[in-house]
Protein chains: 4
Amino acid sequence: MEKRILLTECTDDVGLIAKITNVCSLFHLNVTRQDQFASPEDHKFFMRTVIEGDFSNDKTVKTFIDTVISLLPQGANVRLADEHRRRLCVLVTKESHCLGELLMKTYSGALNADIVCVAGNHPDLGALAEKFNVPFKLVSCEGITKEEQEKRMIEVIDSTNCDYVILAKYMRILSPEFVGHYPLGKIINIHHSFLPAFIGAKPYHQAYNRGVKLIGATAHFVTNNLDEGPIIEQDVIKVNHRYDPETLAKAGHDVEQMVLIRAISKVLDDKVFIHGNKTVVF
Amino acid sequence: MEKRILLTECTDDVGLIAKITNVCSLFHLNVTRQDQFASPEDHKFFMRTVIEGDFSNDKTVKTFIDTVISLLPQGANVRLADEHRRRLCVLVTKESHCLGELLMKTYSGALNADIVCVAGNHPDLGALAEKFNVPFKLVSCEGITKEEQEKRMIEVIDSTNCDYVILAKYMRILSPEFVGHYPLGKIINIHHSFLPAFIGAKPYHQAYNRGVKLIGATAHFVTNNLDEGPIIEQDVIKVNHRYDPETLAKAGHDVEQMVLIRAISKVLDDKVFIHGNKTVVF
Amino acid sequence: MEKRILLTECTDDVGLIAKITNVCSLFHLNVTRQDQFASPEDHKFFMRTVIEGDFSNDKTVKTFIDTVISLLPQGANVRLADEHRRRLCVLVTKESHCLGELLMKTYSGALNADIVCVAGNHPDLGALAEKFNVPFKLVSCEGITKEEQEKRMIEVIDSTNCDYVILAKYMRILSPEFVGHYPLGKIINIHHSFLPAFIGAKPYHQAYNRGVKLIGATAHFVTNNLDEGPIIEQDVIKVNHRYDPETLAKAGHDVEQMVLIRAISKVLDDKVFIHGNKTVVF
Amino acid sequence: MEKRILLTECTDDVGLIAKITNVCSLFHLNVTRQDQFASPEDHKFFMRTVIEGDFSNDKTVKTFIDTVISLLPQGANVRLADEHRRRLCVLVTKESHCLGELLMKTYSGALNADIVCVAGNHPDLGALAEKFNVPFKLVSCEGITKEEQEKRMIEVIDSTNCDYVILAKYMRILSPEFVGHYPLGKIINIHHSFLPAFIGAKPYHQAYNRGVKLIGATAHFVTNNLDEGPIIEQDVIKVNHRYDPETLAKAGHDVEQMVLIRAISKVLDDKVFIHGNKTVVF
């Protein structure tokens with residue numbers, strides 16, 4: 001008995017759950033967990049169904065999915081998450097905490113994925129990646145245009161055949177061309193603030209100057225609107241007047257790495273749907 | 001179009017979701033939200049289905065439920081939560097914070113229920129209940145046996161025709177006879193600690209002596225095992241060495257009232273199933 | 001033995017703690033708790049000293065304070081918090097949760113203050129205030145200019161001889177004239193978001209549209225920069241895609257009332273200093 | 001201008017702060033931060049004073065400390081935290097998350113200390129330590145008595161000249177002889193639960209069986225009472241009915257590593273005093 005995850009997205013309609021689960025029954029697939037959300041706002045339907053059964057016959061599997069699609073409203077997006085171990089390409093600059101946690105969690109198996117490449121615009125984190133036998137690619141910005149640097153970075157990323165690009169404190173603003181090169185949902189960023197507060201640069205200085213009592217972090221999918229992509233996960237930590245920008249950043253780093261790992265973990269479990277500029281996270 | 005909630009509990013089996021949602025379709029009931037859990041441990045199945053349709057014909061509704069039951073494994077527990085506004089009977093002693101919050105949240109409508117009676121073993125909170133035009137019954141322990149006092153309290157409770165008995169800091173240990181007089185799930189208690197820590201009396205003194213850095217509260221259904229009933233909701237608040245038992249209790253009260261309200265709110269929404277000594281909370 | 005709190009604010013300098021504690025010793029005043037903060041940024045010094053001793057002779061007390069001042073840098077602000085029970089004037093509109101919690105916490109004694117007046121621009125909360133025998137003043141905006149309404153509100157407030165004005169969901173933007181009529185630190189507001197996110201109106205709709213995973217609240221002193229005054233306390237609560245603006249608001253209300261009470265509690269304990277646009281909270 | 005930290009512990013008395021700060025003034029040492037706590041329960045006084053000045057003359061420094069001691073009650077414990085970079089010896093078994101985080105945080109500099117040795121009763125984590133050029137010592141339990149294994153472990157620890165022994169998921173119960181070999185405050189443990197709940201083995205199974213809604217972790221100093229030493233730091237994370245013992249443990253690991261790092265960070269900053277079976281954490 002194998003286990004697979006069926007992911008369904010379509011316009012909401014009467015009887016969708018019945019239809020989908022019926023098809024599962026018909027194909028002798030047992031539903032062990034089902035999560036569903038229908039947005040009252042725009043009548044979109046999202047469902048994640050964990051099914052157990054025999055998936056050895058590719059033709060049968062294809063027929064199963066085609067049958068599901070045939071019963072759903074026009075434009076439905078249905079897929080069976082395949083079982084390959086996901087491949088992460090991690091982009092970094094100089095700060096090590098997010099990369100370090102990613103390396104540790106994949107090393108220990110807590111995160112069910114492989115880091116296939118670390119690419120940095122600075123060489124600082126090469127030694128760390130190499131400790132874990134992960135290849136490091138330097139794609140420096142020095143002496144070349146932003147366009148050229150991005151072109152080289154895209155080449156590096158695309159050569160890795162990765163499933164997700166993780167911006168683990170990659171301190172470069174991506175051009176619309178770069179972002180547009182990848183499907184929505186492939187690039188995940190960790191933002192050093194509780195978005196939408198402190199959008200932009202130096203959020204810890206902004207937080208210090210504002211005198212906030214909480215410091216946050218936000219993991220989100222990347223879109224062309226800087227810091228405005230669909231939020232996957234957020235958390236905060238308490239701070240007080242004794243924190244300066246440096247100690248705020250240190251406290252913030254702990255939240256950042258935790259939030260990033262939680263977000264990636266949810267994505268790897270196929271629990272995250274993109275819904276316009278938001279997410280549905282089961 | 002009315003909205004109702006279908007609650008299903010039974011032994012887990014293949015195809016349960018399909019069967020139930022099919023019956024809904026058959027009766028022209030649209031599923032707008034569905035939450036499901038199958039316990040891998042003991043193979044129990046729980047499902048909460050929000051359905052929309054016409055429930056005006058009692059006979060049709062009965063047939064609908066009978067049909068669902070007929071398709072499920074032996075011993076299934078299926079019910080359609082009726083729509084009456086729930087009635088709460090609140091038991092208190094001297095501390096006002098939980099009762100106060102219950103009165104405020106029902107007054108404002110944030111909690112969708114009516115407090116039909118406050119009963120106390122001390123007269124202290126009578127004036128507060130009466131501010132909100134809620135009848136207060138004094139069931140003193142003075143000069144009578146525990147057995148006799150409980151008998152009187154049961155009479156008071158039973159005369160109110162209430163749906164839930166809320167122990168809002170009722171500082172009496174209930175006898176097995178008292179607890180056994182009510183079905184499991186009818187009595188909800190707020191315990192002044194993060195259970196299972198600090199079971200029993202004077203938890204804030206226990207917490208002080210242990211030097212903990214967090215203070216918690218637990219809302220749970222009451223069973224005959226004191227402080228051991230199924231947990232509905234828990235939360236904590238940070239404290240430090242400057243807190244003494246009195247200020248710990250003050251901080252704890254804020255968590256207690258918040259946790260109790262959240263738990264009752266979930267119960268009133270029919271989102272809580274009892275699963276052995278645990279709960280499933282959707 | 002009486003207990004008092006000595007509050008000191010001045011330019012930072014070498015030996016300030018020694019000077020102040022020496023004067024305490026000289027006057028036979030025992031220091032039981034001392035909290036101090038020197039801002040590395042602008043070299044301001046803040047100290048809160050709890051002292052025990054005999055304060056019965058007004059002349060001696062005056063000499064004590066004068067002696068402290070004489071030893072501190074020019075422009076020092078030194079005061080002995082007097083012991084009178086603080087008087088709160090609470091401004092409201094229609095939402096009851098913050099007023100309700102204030103009434104409950106002063107009623108129970110958890111908040112060491114008296115609500116001497118509730119003033120609203122709508123009559124809705126009059127009945128609630130009167131349950132607790134607190135006078136309610138209606139200062140309607142209907143048929144009069146904003147200027148005139150604010151003039152009347154100021155008259156109401158000033159007639160109460162209150163120590164603090166609490167904006168407990170008072171949904172009016174105050175004019176600079178209104179704000180300027182009171183010393184900085186006298187007006188406390190609860191803002192329905194984790195500032196600086198979602199400044200302005202309809203924060204729960206803003207939060208919904210942005211798809212955030214946390215909802216917050218901020219208690220702050222009021223200045224002429226709307227939503228920009230010194231922050232006293234903030235907290236958040238987790239939410240998810242199932243929340244709509246209405247349920248977000250409901251979740252937010254719980255955080256709002258908790259954050260407001262915590263902030264007022266700190267202010268009543270004389271633990272909050274204003275430091276430019278920030279606070280020092282001991 | 002050097003910065004040092006003066007740590008004072010003694011019986012509480014009138015005028016202690018004045019006396020200590022006076023001596024600082026006398027020796028031209030500027031106090032930049034002072035935290036103080038007097039326990040109302042047993043009249044113990046704790047003070048942490050950050051001082052700036054010239055500490056180059058050892059004889060003057062000694063006289064300074066002797067002068068402070070001479071003015072305090074009998075039995076005072078006064079010390080000037082020296083500035084050497086602290087040395088950590090980390091004991092492990094098989095789980096990598098706490099060791100991994102310690103290696104990362106010392107590598108990045110977020111934790112101001114050196115891991116001088118990792119010692120394990122299993123060989124599993126040797127490869128990880130060695131990635132960071134930290135020597136790993138295997139002290140197996142196989143084929144030898146507990147007494148002999150502990151003797152060998154003590155030899156390893158003592159040969160490292162470490163300041164602190166960190167039990168980073170070292171799954172052995174230490175004998176009183178082992179614990180007694182080190183001064184109280186030298187050994188720090190991370191316990192996989194919110195103590196005092198779920199003392200002892202298999203806390204995640206215990207938590208699962210109890211159906212708790214929060215999972216916690218506790219960092220504490222080790223004493224001869226297992227799981228009963230002074231608590232330094234605690235935190236929790238929300239869980240629900242979908243978690244099984246394995247996913248509870250995974251969630252718990254994130255809290256464990258965060259709580260352990262925070263506790264060690266406080267200890268390295270000399271912000272933690274032991275007060276009987278509790279701590280004072282500034």
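**Reading helix packing, domains and chain copies**

Q: Which residues of helix 3 of chain A meet helix 8 of chain A?
A: From helix 3 of chain A come A:His97, A:Cys98, A:Glu101, A:Leu102 and A:Lys105, and they meet A:His253, A:Glu256, A:Gln257, A:Leu260, A:Ile261 and A:Ile264 in helix 8 of chain A. Contact here means heavy atoms within 4.5 Å. Helices (H or I, at least four residues) and strands (E, at least two) are DSSP runs, numbered from the N terminus. Sorted by class, the residues of this contact are five nonpolar, three polar and three charged. Ala, Val, Leu, Ile, Met, Phe, Trp, Tyr, Cys and Pro count as nonpolar, Asp, Glu, Lys and Arg as charged, and the others, Gly among them, as polar.

Q: What kind of model is this?
A: This is a predicted model: local features need pLDDT of at least 70, side-chain atom pairs count only at pLDDT 80 or more, and totals for chains, interfaces and linings use all residues. Residues are numbered from 1 along each chain as its sequence is written, chains are lettered from A and ligands numbered from 1 in the order in which they are written, and side-chain values use heavy atoms, with hydrogens and water left out.

Q: At what angle do helix 3 of chain A and helix 8 of chain A pack?
A: Two packed helices are described by the angle between their axes and the distance between the axes. For helix 3 (residues 97–108) and helix 8 (residues 245–268) of chain A, the angle is about 45° and the axes are 9 Å apart. Those axes are lines fitted to C-alpha atoms, for helices over the stretch in contact, with angles from 0 to 180 degrees between N-to-C directions. So helix 3 and helix 8 of chain A are oblique to each other; angles under 35 degrees count as roughly parallel, over 145 as roughly antiparallel, 65 to 115 as roughly perpendicular and the rest as oblique. Their crossing is right-handed, a label for the near helix being turned clockwise from the far one by less than a right angle (anticlockwise is left-handed).

Q: And in chain D, how do helix 1 and helix 2 cross?
A: Helix 1 (residues 16–26) and helix 2 (residues 58–71) of chain D have axes that come within 10 Å and cross at roughly 155°. That is why helix 1 of chain D is roughly antiparallel to helix 2 of chain D. The pass is a right-handed crossing. On the helix 1 side of chain D you'll find D:Lys19, D:Ile20, D:Val23 and D:Cys24, which meet D:Phe64, D:Thr67, D:Val68 and D:Leu71 in helix 2 of chain D. This contact has six nonpolar, one polar and one charged residues.

Q: What about a helix pair from two chains, helix 3 of chain B and helix 3 of chain C?
A: You read it the same way. These two helices, each covering residues 97–108, pack at about 150° with their axes 10 Å apart. Helix 3 of chain B is therefore roughly antiparallel to helix 3 of chain C, and the crossing is right-handed. B:His97, B:Gly100, B:Glu101, B:Met104 and B:Lys105 meet C:His97, C:Gly100, C:Glu101, C:Met104 and C:Lys105. The contact divides into two nonpolar, four polar and four charged residues.

Q: Which rotation superposes chain B on chain C?
A: Copies are superposed by least squares on the C-alpha atoms of residues with pLDDT of at least 70 in both. For chain B on chain C, a rotation of 180° with 0.0 Å of shift along its axis does it, with an RMSD of 0.0 Å. The two copies are thus related as by a two-fold rotation axis. B:Lys131 has the C-alpha of chain B nearest the axis, 2.7 Å from it. Since 100% of the interface residues of chain B are also interface residues in chain C, the copies meet through the same surface.

Q: And which rotation superposes chain A on chain C?
A: Here a rotation of 180° with 0.0 Å of shift along its axis gives an RMSD of 0.0 Å. The C-alpha of chain A nearest that axis belongs to A:Ala197, 2.2 Å away.

Q: What domains does chain A have?
A: The assignment gives domain 1 (2–81) and domain 2 (86–281), with bounds from an automatic or database domain assignment. Their centres, taken over C-alpha atoms, are 32 Å apart. Domain 1 of chain A puts 15 residues into the contact and domain 2 of chain A puts in nine.

Q: Is the peptide bond from B:Leu195 to B:Pro196 cis or trans?
A: Cis, with omega near 10°. B:Pro196 sits in the loop between strand 9 (187–191) and helix 7 (203–210) of chain B.
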